Amino acid sequence: MALSVLVILLLAVLYESIKFGKAKLLHQSLVSMPTSTSQQREETDQGSSSSSELPPVSRPGLRWFLCHFGQSLIHIAQVVIGYFIMLAVMSYNAWIFLGVVLGSAVGYYLAYPLLRID
């Protein structure tokens, strides 16, 4: 029983960590993305235009796709862990429920300082 409570506690900590990590990753990807593609086109038109270089517009599109794909995988992991935690709580065991509550509190306490946006 103690091992079950410990596993559920760690799953709740992992769930909170993923939630904050996802928010941090979203912020970093939004900061690294250009504001608009038309602004990039203006910059390339004003700068040196050699025909051998690839247009820089395709790079942000690829970067956006990879960030979106990574965010989707993280979301899937978050949903799966959340449903496992929900199933554990639905066992109506008081110790499991306390493990989820304590794990969520510990996860929030540990992950919240990592959310600091610089």
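**Close-up views of a predicted model**

**View 1. Phe20, Tyr108 and Tyr112 form one aromatic cluster.** The model is predicted: local features need pLDDT of at least 70, side-chain atom pairs count only at pLDDT 80 or more, and totals for chains, interfaces and linings use all residues. Residues are numbered from 1 along each chain as its sequence is written, and side-chain values use heavy atoms, without hydrogens and water.

**View 2. Phe20 pairs with Tyr112.** Rings of Phe, Tyr and Trp (its six-membered ring) pair if their centres lie within 6.5 Å; planes under 30 degrees apart are stacked, over 60 edge-to-face, the rest tilted. The whole structure holds four aromatic pairs. Phe20 and Tyr112 have ring centres 6.3 Å apart and planes at 85°, so this pair is edge-to-face. Phe20 sits in helix H1 and Tyr112 in the segment after H4, 92 residues apart. Phe20 is buried at 12% relative accessibility; Tyr112 is partly exposed at 48% (buried, under 20% relative accessible area; exposed, over 50%; partly exposed, in between; 1.4 Å probe, protein chains only).

**View 3. Tyr108 and Tyr112 are stacked.** Their centres lie 5.4 Å apart, with 25° between the planes. Tyr108 is partly exposed, at 43%.

**View 4. Helix H1 (residues 2-32) packs with helix H4 (residues 94-111).** Helices are DSSP runs (H or I, at least four residues), numbered from the N terminus. The angle is about 35° and the axes are 7 Å apart (lines fitted to C-alpha atoms over the stretch in contact; angles run from 0 to 180 degrees between N-to-C directions). Contacting residues (heavy atoms within 4.5 Å) include Ile8, Phe20, Trp95 and Tyr108.

Note on methods: Helices (H or I, at least four residues) and strands (E, at least two) are DSSP runs, numbered from the N terminus.
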